[in-house]
Amino acid sequence: MNKSIQQQIFYTHPPKAVWAYLTQPELMSQWLMPNDFQPILGYDFSFKTKPIPSLDLDGIFYCKVLEIVTYKKLSYSWKGGPGDGKISLDSIVVWTLVKKNTGTELQLVHSGFKEIENYSIFMGMTDGWLKNMEKIAKLLNNVT
């Protein structure tokens with residue numbers, strides 16, 4: 001299968017404001033999921049949501065910070081599965097922020113959908129990531 005999700009969105013806010021929604025756990029939970037993220041290279045963290053039996057996911061995503069370039073790039077692993085230590089999704093999320101004259105372009109690449117059993121997750125997350133990026137826009141606009 002080997003597919004990746006690629007999304008991008010433009011915000012009329014500086015990279016620093018967008019970065020906060022990608023790196024501050026309390027802000028991340030407003031648009032994504034409750035988490036214990038810390039912007040530290042090599043840091044293990046998790047996102048938690050309700051189990052999704054239709055996708056064979058227990059609702060816990062295990063992650064590790066792989067790269068961090070303040071206000072420019074953030075990358076982390078994204079693993080999940082049905083529980084009991086079984087991982088059926090082993091993927092990578094990369095956020096890239098590009099400063100523009102009137103704001104910030106945010107690019108997402110979520111790669112690693114290699115197994116055929118990941119197809120349903122891939123389809124759901126393709127639309128899901130875009131909706132979440134749109135949530136960030138709404139949150140940014142309410143703040144400023």
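A nonpolar core is a set of buried Ala, Val, Leu, Ile, Met, Phe, Trp, Tyr and Cys residues joined through side-chain atoms within 4.5 Å. The views below are taken from a predicted model.

**View A. The largest nonpolar core has 39 residues.** Trp31, Phe47, Trp78, Trp95 and Trp129 are the residues with the most contacts inside this core. Helix 3, covering residues 119-143, gives the most to the core, contributing 9 residues.

**View B. Ring pairs link a set of aromatic residues into a cluster.** The members are Trp31, Phe37, Phe45, Phe47, Phe61, Tyr76, Trp78, Trp95 and Trp129. Over the whole structure, the search finds 13 aromatic pairs.

**View C. Tryptophan 19 and tyrosine 71 form an edge-to-face pair.** The ring centres are 6.2 Å apart and the planes lie at 75°; planes over 60 degrees apart count as edge-to-face, so the pair falls in that class. Tryptophan 19 belongs to helix 1 (residues 15-23), whereas tyrosine 71 sits in the loop between strand 3 (60-69) and strand 4 (73-80). The pair therefore ties together parts that are 52 residues apart in sequence. Tryptophan 19 is buried, at 7% relative accessible area, while tyrosine 71 is partly exposed, at 35% relative accessibility.

**View D. Tyrosine 76 and tryptophan 78 form a stacked pair.** Their rings are 6.5 Å apart, centre to centre, with 25° between the planes. Tyrosine 76 has a relative accessible area of 1% and is buried; tryptophan 78 is also buried, with a relative accessibility of 1%.

Methods:
Residues are numbered from 1 along each chain as its sequence is written. This is a predicted model: local features need pLDDT of at least 70, side-chain atom pairs count only at pLDDT 80 or more; totals for chains, interfaces and linings use all residues. Side-chain values use heavy atoms; hydrogens and water are left out. Rings of Phe, Tyr and Trp (its six-membered ring) pair if their centres lie within 6.5 Å; planes under 30 degrees apart count as stacked, over 60 as edge-to-face and the rest as tilted. Helices (H or I, at least four residues) and strands (E, at least two) are DSSP runs, numbered from the N terminus. Buried means under 20% relative accessible area, exposed over 50%, partly exposed in between (1.4 Å probe, protein chains only).
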